[in-house]
Amino acid sequence: MSDTHQPAYAAARTSLNLISGLLSGPILQEGWILKKRRKKMQGFARRYFMLYQSGILCYSFEPGQPIRDQIHLPNAAISTASGRKDIHVDSDRATFHLKCLSTEDFTQWMGTFRKFSAPVSESRRSGSVRVSSRQGTIKLNKSAAIAEEIGTTILELENAFANLRDPLKRKSSGGKDKPKEGTSVFGLFKKGAHHTNSFPLRDLISRLEVIDPTSYQRMHMAIESLKVQHGSLIKSLQSISILDTTQSVHPSAQASPLPDSIPYSASEEKLASSFTRRSKRTILEWFDASEGEGVQEFILDDQTLPENRDNGDSPSQIINDDSRSSLGNAEESSIDTDIEDLREEPPVIDQVTHDQQVKGTSQVQVVRRTHLPAPITGDEGSLFAVLKKNVGKDLSTIAFPVSFNEPLTLLQRVAEELEYFDLLEQAAATSNPIERMQFVAAFAVSGYAHTRHRTGRKGFNPMLAETFEDPRMRFIAEKVRHNPVQMAYHAEGENWELYATAGGKTKFWGKSLEIIPLGTTHLKIGNDHYQWKKPSSFMRNLVVGTKYLEHVGKLIIENVNGRDRCVLEFKQSGYWGETNLVSGQVHDASGKVAAQLEGKWDEHLSEAVDASHFTLLWRAHPWPKHAYDYYGFTSFSMALNEVTPDIAEKLPVTDSRYRPDVRALEEGDIDRAEAEKVRVEEMQRSRRRDGKEPAARWFTLQGDEWIYTGGYWEARAKGWKETKIDPLW
């Protein structure tokens, strides 16, 4: 580099350090490491990693090439296994699965990683949760004031950035290298910007040279002020009990040390909801880097690794003394004030046939409920306290207390994915292969919409041979295997048939929970046979902050008969810009791009006709008025466990709607739900010990797929008295 460019280069690096704090200082460790690829079944690839003194761990294809991705190590959790060379680095926004080339490399890297370990303060060892109702109210009010101050600072930061863009535009408009429409200085800091929106270093220097120093100083001061304010907010929140402050502290909790991080209570979540999701995520990321935080290290049992997963039938038991704690009077008061609003919400009325498997029958009205019998009951408990003991494990082998559940089984959660089955009817109605593929893609995306607010609880694990039906789309699901957990389902409509074997694994990596779907979804429309696999999902901010769910990866829909295909990409959210984005392309039989798709998996999907015109394919239904009070359920979800008059006398005894533990939780009786859950699970273990475990009745295993053999709707029409089915609970 010439001498004339040296000062500009130094200024550019100084500016980038002040803004993002990335890639600064000397390199503590660098070298080749095997990194697991993002896509499934692609194994490991050799990448060149560098660890900076600032705590940034990044990698590239080759030394000196653009950086592909990075993790701020002080915000991360590191998991290793004794006797192995694997390292799992998990932050709030990404996870690296690494494998060192030698034992010496493993030792060197781990020694360098441990330099960023957080010191354990004495207050965290001995502090106890002792907060009175009045003190908690004062602290919460103080937190609200600080949070509002943070909001003002964010606006100041955005104004400073806006002032930054003006001179950049003036500079670029006079040159040959005019940036593309829509690009901005934000592209510098987005994940993947190094390879998607990259530009030469000389251009970067020329852009940074025109920045107004006063505006830049405002931006830097705003960021520093934001860090201090958020640190004060968290310190204030840490003095509030996990339980509602109006309740007395559980005796076992008074003697326990204050946890490293305290989950938001219900009232705090309502306070935080005034901020945009982007702002909350950015604020929480800055807090993670505050003073006193550092990398957390976990040691994995060798038997919990994927290739050595325990296949035993007996799940690991978890005892949580706080699992039944109540949210307290504050939650109850919010419930009382909403009763009148609930009565004003109109019911959902479906026009369905009384018995849809018989053609030509008369129509009847089915009025479906708009809310559950009781709002959320009990506290979620300390999810992190449970998960940190099971880092790297498949959580399907862990038995959780009922306080971690929502009042639906996993079979009913599968049915949630078919809420927009009318898209399949539209796909079947058109003969144009490109239009049909677009509706199929919209249906595949719509299956994620119900997960938007579902970050805190899990569905009940069904019993073996348990079933669930929904006659609206002739949907029947059954649990067909216990270990690993597998559920098969089948649905059909006019000229379409949908079936799949659903299963998956969930693993906790220290900061985030990874949900890995298993199985293939099949859809038949006429002579077309579509199939696809789902990408992974991640639950972020499990340790501190507002939890959120994002789906990341590619979903490829292939027509095995017609050779046309659609490639959808669920994009990982960055620090700036919109979240939950999905984009894709539809390819015709020759491989040519025939349509562009854009949207958000929780809102809509459209075909992009040109830069300013879109054709709407699917839009999500409005959320219920009190969705947050009822587990984040959609209107469709709230009615799944309801026994409506049209099915009251037609359900088999194995249907999920008859589960006593699910019904008790839905009605707000958490003690009875816990007792029933233990009783139902013990009955299943007893059947297994006695060799009387039921086999799948409606599905048979053909290769790797469970296929519907038929007969369910016919037996239903005749009445279940003629079919011998033993009760499961």
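Helices and strands are here DSSP runs, numbered from the N terminus. The model on display is a predicted one.

**Arginine 457**

Begin by selecting arginine 457, which is placed in the loop between helix 16 (433–446) and strand 14 (458–460). Since the limit for a buried residue is under 20% relative accessible area, arginine 457 counts as buried at 12% relative accessibility.

**Helix 15**

Move to helix 15 (residues 422–429) and colour its buried residues, which are Leu423, Leu424, Ala427 and Ala428. Because these residues cover an arc of only 140° around the axis, they are on the same side of helix 15.

**Methionine 473**

Select methionine 473 in the loop between strand 15 (467–470) and strand 16 (475–481). Is this residue buried or exposed? Methionine 473 has a relative accessible area of 1% and is therefore buried. With residues up to four places away in sequence not counted, methionine 473 touches Ala415, Leu418, Phe421, Ala491, Glu492, Trp496 and Phe636. A distance label between the C-alpha atoms of methionine 473 and phenylalanine 421 will read 7.3 Å, although the two are 52 residues apart along the chain.

**Phenylalanine 475 and the cores**

Now select phenylalanine 475. Neighbours within four places in sequence left aside, its contacts include Leu411, Val414, Phe468, Asp470, Tyr489, His490 and Trp713. Phe475, Trp532 and Ile557 are the residues with the most contacts inside the largest nonpolar core, which has 66 residues. Helix 16 gives the most to this core, contributing nine residues. Another core lies apart from it and has 20 residues, including Leu73, Ala76, Ile87 and Trp109.

**Aromatic pairs**

For the next stop, display the rings of the aromatic side chains; the whole structure holds 15 aromatic pairs. Centre the view on phenylalanine 49 and phenylalanine 96, whose ring centres are 6.0 Å apart and whose planes lie at 75°, so this pair is edge-to-face. Phenylalanine 49 belongs to strand 2 (residues 44–52) and phenylalanine 96 to strand 7 (residues 95–99), so the pair ties together parts that are 47 residues apart in sequence. Phenylalanine 49 is buried, at a relative accessible area of 0%, and phenylalanine 96 likewise counts as buried at 2%.

Continue to tryptophan 109 and phenylalanine 113, a tilted aromatic pair with 5.8 Å centre to centre and 45° between the planes. These two residues are separated by about one helical turn, because they are four residues apart in helix 2 (residues 103–113). Tryptophan 109 and phenylalanine 113 are both buried. A further selection of Trp698, Tyr712, Trp713 and Trp720 brings up one aromatic cluster.

**Charges over rings**

Finish with two cases of a charged side chain above an aromatic ring. Which residue lies over the face of tryptophan 32? Arginine 46 does, at 3.9 Å from the ring centre. For the second case, select phenylalanine 44: lysine 99 lies over its face, at 4.6 Å from the ring centre.

Methods:
Residues are numbered from 1 along each chain as its sequence is written. This is a predicted model: local features need pLDDT of at least 70, side-chain atom pairs count only at pLDDT 80 or more; totals for chains, interfaces and linings use all residues. Side-chain values use heavy atoms; hydrogens and water are left out. Buried means under 20% relative accessible area, exposed over 50%, partly exposed in between (1.4 Å probe, protein chains only). Contact means heavy atoms within 4.5 Å. Rings of Phe, Tyr and Trp (its six-membered ring) pair if their centres lie within 6.5 Å; planes under 30 degrees apart count as stacked, over 60 as edge-to-face and the rest as tilted. A charge sits over a ring if NZ of Lys or CZ of Arg is within 6 Å of the ring centre and within 35 degrees of the ring normal. The arc is that of the directions from the helix axis to the C-beta atoms. A nonpolar core is a set of buried Ala, Val, Leu, Ile, Met, Phe, Trp, Tyr and Cys residues joined through side-chain atoms within 4.5 Å.
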